[in-house]
Amino acid sequence: MGEHFVAGIDIGSTTAKAVVLKSGKVFCSHIDKTGSNPASAGQKVLEKAMSGAGHSTAELEYTVVTGYGRVSAAYANKTVTEITCH
């Protein structure tokens with residue numbers, strides 16, 4: 001059975017967080033300041049999480065984004081409000 005990677009990203013007003021699951025278990029994560037470009041911040045934390053674990057974002061099967069910057073995440077398969085996430 002192959003590896004299955006999915007990601008969740010929270011792009012907040014001050015920090016962006018990414019967590020990647022591998023076959024249903026936490027595999028890697030990264031957190032950084034959002035800065036002035038929420039879309040870029042979300043993508044960067046995801047790239048840093050995956051590259052730090054020796055993998056590429058191209059291996060992701062599905063990505064969900066939430067938070068303040070979710071509307072700017074064109075790379076997301078799905079966006080979800082913070083209230084729905086809770």
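Predicted model: local features only at pLDDT ≥ 70, side-chain atom pairs only at ≥ 80, totals over all residues.
Start with the core. The largest nonpolar core has 17 residues. I9, V20, L46, M50, L60 and V65 have the most contacts inside it. Strand 1 (5-11), strand 2 (15-22), helix 1 (38-52) and strand 4 (60-66) each supply at least two of its residues. Helix 1 gives the most, with 5 residues.

Take I9 as a way in. Beyond its neighbours within four places in sequence, I9 is in contact with K17, A18, G42, V45, L46, T63, V64, V65, T66 and Y75.

T66 is one of those contacts, and it lies in strand 4. T66 counts as buried because its relative accessible area is 11%, under the 20% limit. Its side chain reaches the backbone nitrogen of E82 at 3.4 Å. Leaving out residues up to four places away in sequence, T66 also touches I9, D10, I11, V80, T81 and C85.

Now the charged pairs. Side chains of opposite charge can pair when their charged atoms come close. The whole structure holds 3 salt bridges.

D10 and K17 form one, at 3.5 Å from N to O. D10 is partly exposed at 27% relative accessible area, and K17 is partly exposed at 26%.

K48 forms another with D32, their closest N and O atoms 3.1 Å apart. This pair links helix 1 to strand 3 (residues 25-33), across 16 residues. K48 is partly exposed at 39%, as is D32 at 32%.

R70 and E82 also meet, at 3.2 Å. R70 sits in the loop between strand 4 and strand 5 (78-79), and E82 in helix 2 (residues 82-85). E82 is partly exposed at 33%.

Definitions and conventions
Residues numbered from 1 in each chain as written. Heavy atoms only, no water. Core = buried A, V, L, I, M, F, W, Y, C linked by side-chain atoms within 4.5 Å. Buried < 20%, exposed > 50% of the residue type's maximum accessible area, 1.4 Å probe, protein only. Helix = DSSP H or I, 4+ residues; strand = E, 2+ residues; numbered from the N terminus. Contact = heavy atoms within 4.5 Å. Polar contact = N/O pair within 3.5 Å; in protein donor to acceptor, adjacent residues only side chain to side chain. Salt bridge = Lys/Arg side-chain N within 4 Å of Asp/Glu carboxyl O.
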